[in-house]
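Work through the exercises below with the sequence and the model open. Each task is followed by its solution in steps.

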Amino acid sequence: PLQQYKFVRTSTDRAKYAGRIEWSEEFEMDFMALFAEIVNLFEQDVIRTWQNGLVTTIATNATPYVSSVLDGTFLQPDNGLAVIAGQSQLQALNYAPDTVLMNPADLVATLFVQDLDGNLKNTAYINTTAGTINGMRLVQSNTITQGTTYVGESRLYREQHSDFIMRVGQYGNQLIENEYTAIGEVFSIMQIAERDLVGWVELDLDAVKTALLQA
């Protein structure tokens, strides 16, 4: 059948993740190896800030959990089953969820749970070796608020970024005082179609587990 696609003009702002350090010329001359290590750490900090910013963008845009076929079916639902419920909701919307963003503490709380006899429960749907939950890639980040998890289809987001850019210069009285300033930056554009915002779901783990609990 004949298909028609309609487009809406939108704009996506470019984000800049940046930091700066300052040092004296004497310090760089006297401790060259240490200075090189400081610059390396500085670059890592800026890159981590950029990566955390991507996670924050996904979290901000995610839509809340509504329901799934698993609601009201478990006697002792855990965090892993709550994640699978989010996966099920997205599959019902014809998405193919393949990524889970979770705070490390929430994963630990799932892996080491005892039954009524004190034995560790079997969580076969979590593969720590492969780093997956029910086949979805698990990404752990302390940027994610503990108790909240995100499930979605990774291809829905498209991100472009620059290389790490470092500029060195002087301002104010730095020329007189033999001091320098370095600016480190990463520029990033992260976009998603408005219709696909529902392709990422935010899970309040406690609330979802309550929904999964058998009445």
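**Exercise 1.** Find what covers the buried residues of helix α4.

Solution. The model is predicted; local features need pLDDT of at least 70, side-chain atom pairs count only at pLDDT 80 or more, and totals for chains, interfaces and linings use all residues. Residues are numbered from 1 along each chain as its sequence is written, and side-chain values use heavy atoms, with hydrogens and water left out.

Step 1. Helices (H or I, at least four residues) and strands (E, at least two) are DSSP runs numbered from the N terminus. Helix α4 spans residues 104-111, and its residues Asp106, Leu107, Thr110 and Leu111 are buried (under 20% relative accessible area; exposed is over 50%, partly exposed in between; 1.4 Å probe, protein chains only).

Step 2. These four lie on the same side of α4, because they cover an arc of only 135 degrees around the axis, taken from the directions from the helix axis to the C-beta atoms.

Step 3. The cover includes helices α3 (79-92) and α5 (205-212), together with strands β3 (99-102), β4 (126-127), β6 (136-140) and β7 (148-152).

**Exercise 2.** Identify the residue that caps the N-terminal end of α4.

Solution. Asn103 is the cap: one of its side-chain oxygens is 2.9 Å from the backbone nitrogen of Ala105.

**Exercise 3.** Describe the surroundings of Ser141.

Solution. Step 1. Ser141 sits in the loop between β6 and β7 and is buried, at 13% relative accessible area.

Step 2. Beyond neighbours within four places in sequence, Ser141 has contacts (heavy atoms within 4.5 Å) with Asn52, Met102, Asn103 and Pro104.

Technical notes: Polar contact = N/O pair within 3.5 Å; in protein donor to acceptor, adjacent residues only side chain to side chain.
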